[in-house]
Amino acid sequence: MVEPYKNSLLMTKERGVLMARSNNRRKPNHNRKDNRNRNNNTGYRPKQVEKVSEITYWDGISVNELAELVKRSSADIIKLLFLLGKMVTINSTLDDETVSLVCMEYGIEATKEQVKDKASLEDEEESDPTNLVERPPIVTIMGHVDHGKTTLLDSIRKTNVVAGEAGGITQHIGAYQVNIKGRKITFLDTPGHEAFTAMRARGASVTDIVVIVVAADDGVMPQTKEAIDHAKAAGVPIIVAINKMDKPEANPDRVMSEMSDNGVMPEEWGGETIFVPISARNGMGIEDLLEAILLVADMKELKADPTKVATGTVIEAKLDKGRGPVATLLVQNGTLHHGDSLVVGATMGRVRKMTDAYNAELKAALPATPVEIIGLNAVPVAGDLFKVFPSEKQARDVWEIRKNEKIEQERRENSTMNFDDLASRIESGEIKEIPLIIKADVQGSAEAVRNALEKIEVDGVRVNVIRSTAGAISESDVSLANASNAIIYGFNVRPNATVRKKAEEEKVSIRLHNIIYKAVEEMEQAMKGMLEPVFEEVIIGQADVRQTYKASKIGTIAGCFVTDGKIQRDCGVRLIRDGIVVYTGKLGSLRRFKDDVREVNNGYECGLTIENFNDIKDGDLVECFVEQQVEVA
C-alpha cells in the first residue's frame, strides 16, 4: 500500500503546482476599455506622418540621417531597402542611387548638396576686370594622318621634328610658342594617327582655335571627321588649312564641299569658317593662315589675369632618367614662377627649373605659355590640372587629400579585377580577356597605346589593361604580370638585364614596340588566337578486331591488327560493325604485348580498350581519328 499512497501524494503535489501557476497568470482587467474602441476615445489620435516633398542630402549620408530627412523611421528605410535587395543597417552609408530609390518610393524629390572641394585644382577665383590683359591664342593643329600637320608646324617654327619620329608619325603632344609680327601664338601639335583619338580630344579641351589640316589631293578622311567632332564638342572656332596645294591633283573645291557636308561651311559659301589654301612643304599661304588665326583671336577677345596664382593643364609628362619626373604644362591663367609650390593632379613639388619649347630657361611663364618643368615628386597624368599654392604646407595638405583619393579610387578599381575573378570568367567561356600592362616613355603614348588596343574588335575577346603608366619596365611590373597572367607591352622603353631575367624566370612575355599600329596588328593576331578554335576531323588509322578477351577489372580487351595508318593513345575511336557505326568514344588503353605504348603503326598487332564500352566483337573495325585546329582567317 505504500507505493500507491506515495504516487497519490506526488499527483496531488503536481496538481497543486499547476493550480498555483494558473493563479499567477495575469487576469484581464474588465474595467479597462476595450482596445478596439481606443481610437474612438476623445483626445486620442494615431500619429500622423509629416509629408515631405523635397530634401537636400549630402555625400555619405547614413540610413538614420536619411530617415530623419524623409520623416520616416529607420526601420521603414531598412525594410524598404531589404525589399529592394539591399542589406543595410542604421549606420550604413548610402550612395546616390540608393538615396534616389528611397525618395522615389516616398514621392520625394532629392537634391545632392554641392560641397566645395577643398582639394580642387580648378581656377575658382573671380578675376578683377582691371587686371585682365590680352593673352596669346592657343591653337590646336588637327587632321588626318599624313595630311601635313607636323610639316605645317615645321614651316612655322623653321624646325624639323618629323625626322626623329618613328614611322614619320608624331607620337607625343608637343606645345610650341611662336612670334608672329610681334604677337605670340601657342600651338599644340596633336598626333594624327587614329590611335590617338583621346589625345586629340584632350588637346581640343584646352584650345581656343582649332586648325584642321586637310590634304587637297585626299579630301575629308575619318580622322578629319573626328577632329571636327572634337572641335565642335569643345565649342571652339575652326580654321581649315587646305594643304598640299602645290600638287597637280589638288582639288580645293572638293575639300570645301566635303567639309560643308560635315557641317563646316566656308565663308565663301555663306558660312563662318575661314578656309586657307597652303603648302606646308614650300611655305605657300602660311602667312595668310597666321593672319587668319590672329583675326579669329581678336574676335574672341582672349584675356587672362597674370596677377593670379597659376592654373593650367598638363600637356605631357614623362620620367627622365637623369632629371626625374618632367611635365609639360600649359599655363592657362595667372603666372607661373620659378620656385612656386604646386599640385599637379595627384603629384606635388616645386618648380626647380622651367624651360620653354626651345630649351631656354624661364623665371616666369605668363598665361597661354607652354613650359617644361622639373621638381615634381612623381609623373603626373597628361590632362591633369595643376594649381600653385601660396606655401609648400598648403600644397602638401591638398596633395595628401588628392593622393589618398587616387589610392582609394585605384583600390576600388583593382578590387573588381582580381586574378581569381578574371580566371573564372575566362574559364566560363562567356568572355575572354587579354590582361595587359602598358609602359611607355611618356604618359600620352601610354594613353594612346591603351586606347588603340582597347578599341580592337574581335568577337568574344577583349583587351583588359591592368596598368598603363609612363616609365621604364620595372620588376614590380613583371610581378604584377605574373600574378595576373598579363602581357607587358613596352612602347619606346626597354627593360634592363635584371628585369629581363626576372621576366624569363617567371615566364612573363614582354613585347616591345615603337610604332603603335604594329602593336595593334600583333595584338589582333593574339586575340584571334584566343577565339574558340575551329576543329576538323582527321582519320589517322584503322584496325581489325581479331580476338576479344574479357577481364573482370578492365572490361573487354580487343586484340587488333592495324591495317591502315596508326592507332595512337588518347585518340577518338569509332567502332564499326558491318559498315555501321556502333559507338563513338575515346580510346581507353593501348598495349603491345605487356607494355603501354603511345602508338602502334600499320602492320602491327596491339591490344586496346574503349572507354565506357565493352560490346566489342570479333570482326569489328576500329577507326581512329583526331581533331585538328583550323586557322582562323
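At what angle do helix H2 and helix H3 pack, and how far apart are their axes? The two helices pack at an angle of about 110°, with axes 8 Å apart; axes are lines fitted to C-alpha atoms over the stretch in contact, and angles run from 0 to 180 degrees between N-to-C directions. H2 and H3 are therefore roughly perpendicular to each other (65 to 115 degrees).

This is a predicted model, in which local features need pLDDT of at least 70 and side-chain atom pairs pLDDT 80 or more, while totals for chains, interfaces and linings use all residues. Residues are numbered from 1 along each chain as its sequence is written, and side-chain values use heavy atoms, without hydrogens and water.

| H2 | residues 63-70 | Val 63, Asn 64, Ala 67, Val 70 |

Elsewhere, Thr 347 lies in strand E15, residues 347-355. Thr 347 is buried, with a relative accessible area of 4% (buried means under 20%, with a 1.4 Å probe and protein chains only). Its side chain reaches the backbone oxygen of Val 344 at 2.7 Å. Not counting residues up to four places away in sequence, Thr 347 touches Leu 342, Leu 376, Asn 377, Ala 378, Val 379, Pro 380 and Trp 399.

The protein chain has 15 helices and 30 strands, taken as DSSP runs of at least four and at least two residues respectively. Buried residues make up 42% of its 633 residues.

How values were computed. Angles under 35 degrees count as roughly parallel, over 145 as roughly antiparallel, 65 to 115 as roughly perpendicular and the rest as oblique. Contact means heavy atoms within 4.5 Å. Buried means under 20% relative accessible area, exposed over 50%, partly exposed in between (1.4 Å probe, protein chains only). A polar contact is a pair of N or O atoms within 3.5 Å; within protein, one must be able to donate a hydrogen and the other to accept it, and residues adjacent in sequence count only if both atoms are side-chain atoms.
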